[in-house]
Amino acid sequence: MADPHRTYEIRCPVHGFIPINDWERDIINHNVFQRLRRIRQPAWTDYVYPGAMHTRFEHSLGVMHLATKLYDSIVARSGDLLKDFYGYDDAGFKRDKVLVRLAALLHDVGHGPFSHAGEDVFPLRKDGKNRYVHEEYSAAIIRKLLKNVIEQHPLNRNYGFLADDIASLIEGSSNSSCRIFWREIITGQMDADRMDYLLRDSLHAGVDYGKYDWRRLLNTVVAVEMPQPEGETAKQGLRLGITEGGVHAAEGLILARYFMFTQVYFHKTRVAYDHHLRRALSKLLPTGEFPALHADDDEKIKANIEEYITWDDWKVVGMLTDGYGGEHGERLRRRNHYREIYNTPECPGQEDLDELKNVEDKVQEYIIAKEQASKSWYKVDETDIPVLINEEMGKVTPLSRQSAVVASVRATRRVSLFAVPEKAQEARAKVSDLIQSNPPRTKPRTN
């Protein structure tokens, strides 16, 4: 009989050896998790950066590893505060560490083929207003397909976790109770997910854009008691934050994310391939979109989820290889993507938008696709990272107020126009002539 207390190690190119226990090993060996080996982390980025062939499988292991380090650092620095605020004892800390590790490990099991690139063909929610996101598929898969391996493992006798406990933490639902504090390790503006994919994608793509001082972040992360608004007496709760010494490391994380998106994920050729993939998937999927998470009964929902997880990169590539996917499938097969003929600046002003409209109007016959690369790099809202300025006095200020760098980072909304390869050179020439004939532009932005 296997020893349930045995530990194992998995070698990782980013973090070295990642230790796992027998329970985590059984979850990793489950076919639902093994499917992540067949889903590439950066979609078609390898068509630009050939080394970017890594998968959601290794990323998920890395997220679990970093989430554990974040958890340990917070408990080491803020254990007394957590005990006072939430009533933790040493057993409670040990128990919730296991929960955080499992949530971090499983947070991405709901990704579809080629990760984020295919999310535009997720179905609409039951209300018909917004599309499902991969986190909702992760939670559904955990509840419906991973229930037994989570709840029936011998090591779970020590904790009594339900699959719903893990899914609720990923979702951030009210069922998480005080554990909602730990959700910021999984999903937040300074989470283990973000910390891992920047390092990992940077390594495999062969660029330095995603590097930041992650060790300094780990050494400065703390639980922060949020100030009470005037007139209120109830405690406001704890947030995942940093001490003042971690401000520049947090800036580095945010800037690394900005650089990776603008230089790698939003590369013009990668944007073109995302366009082709979305349209090819709509041809390959029987209904034009992935199976929905809502249905008339639980059995139908489970059947939809089981159908959903049959879709991975291998299946899609196999269908493309067999000639399916229409024009866009053909372009993916032959690396014959649409070519960018014009783009706005990353943060276009009114003058830039006027120029875009003029270009669209005048060269409309060449434009085959229009794509917007939009991203907010930092949210100045309730998720603003709190900075503990004075530990003795408990003075707290938002990172956006403490850091001039973070306060000045604006969301990008770059718009690109594409043409078929055969007409791209001619289209660029017309765009160039058009821009030069309309001052005050002195240099055309063509590619």
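Phe 114 touches Ile 39, Arg 40, Ala 43, Trp 44, Leu 277, Asp 313, Val 316 and Val 317, residues up to four places away in sequence not being counted, where contact means heavy atoms within 4.5 Å. The structure is a predicted model, in which local features need pLDDT of at least 70 and side-chain atom pairs count only at pLDDT 80 or more, while totals for chains, interfaces and linings use all residues. Residues are numbered from 1 along each chain as its sequence is written, and side-chain values use heavy atoms, with hydrogens and water left out.

Phe 114 lies in the loop between α4 (90–106) and α5; helices (H or I, at least four residues) and strands (E, at least two) are DSSP runs, numbered from the N terminus. With a relative accessible area of 0%, Phe 114 is buried, a term that stands for under 20% relative accessible area, as against exposed for over 50% and partly exposed in between (1.4 Å probe, protein chains only). The phi angle of Phe 114 is near 60 degrees, a positive value in a residue other than glycine. Ser 115 also lies in the loop between α4 and α5, has a phi near 55 degrees, again positive in a residue other than glycine, and counts as buried at 1% relative accessibility. Between the C-alpha atoms of Phe 114 and Ala 407, which are 293 residues apart along the chain, the separation is 33 Å.

Helix α5 (residues 134–145) packs with helix α13 (residues 298–308) at an angle of about 115 degrees, their axes being 10 Å apart; axes are lines fitted to C-alpha atoms, for helices over the stretch in contact, and angles run from 0 to 180 degrees between N-to-C directions. The two helices α5 and α13 are therefore roughly perpendicular to each other, given that angles under 35 degrees count as roughly parallel, over 145 as roughly antiparallel, 65 to 115 as roughly perpendicular and the rest as oblique. The crossing of α5 and α13 is left-handed, a term used if the near helix is turned anticlockwise from the far one by less than a right angle, right-handed being used if clockwise. In this contact Tyr 137, Ala 140, Ile 141, Lys 144 and Leu 145 of α5 meet Asp 298, Ile 301, Lys 302, Ile 305, Glu 306 and Tyr 308 of α13. The residues of the contact of α5 with α13 comprise 7 nonpolar, no polar and 4 charged, where Ala, Val, Leu, Ile, Met, Phe, Trp, Tyr, Cys and Pro count as nonpolar, Asp, Glu, Lys and Arg as charged, and the others, Gly among them, as polar.

Helix α16 (residues 350–362) and helix α19 (residues 421–436) have axes that come within 10 Å and cross at roughly 130 degrees, which makes α16 oblique to α19. The crossing of α16 and α19 is right-handed. Glu 355, Asn 358, Val 359 and Lys 362 in α16 meet Val 431, Leu 434 and Ile 435 in α19, and the residues of this contact divide into 4 nonpolar, 1 polar and 2 charged.

Turning to the strands, an open sheet of mixed pairing is formed by 4 strands in the order β3-β4-β7-β8, two strands being paired if DSSP finds at least two bridges between them. At the edges stand β3 (221–225) and β8 (395–398), each with a single partner strand, so one side of each is left without a neighbour in the sheet. From one strand to the next the twist averages 50 degrees. Helix α3 (residues 56–86) packs on the sheet and touches β3 and β4, its direction making about 20 degrees with that of β3. Strands β4 (residues 238–243) and β7 (residues 386–390) run parallel and are joined by 2 bridges, with Leu 388 in β7 as the bridge partner of Thr 243.

Strands β1 (residues 7–12) and β2 (residues 16–21) pair in the antiparallel sense over 6 bridges and form a hairpin with 3 residues between them. In this pairing Thr 7 stands opposite Asn 21 of β2, and Ile 10 stands opposite Ile 18 of β2.
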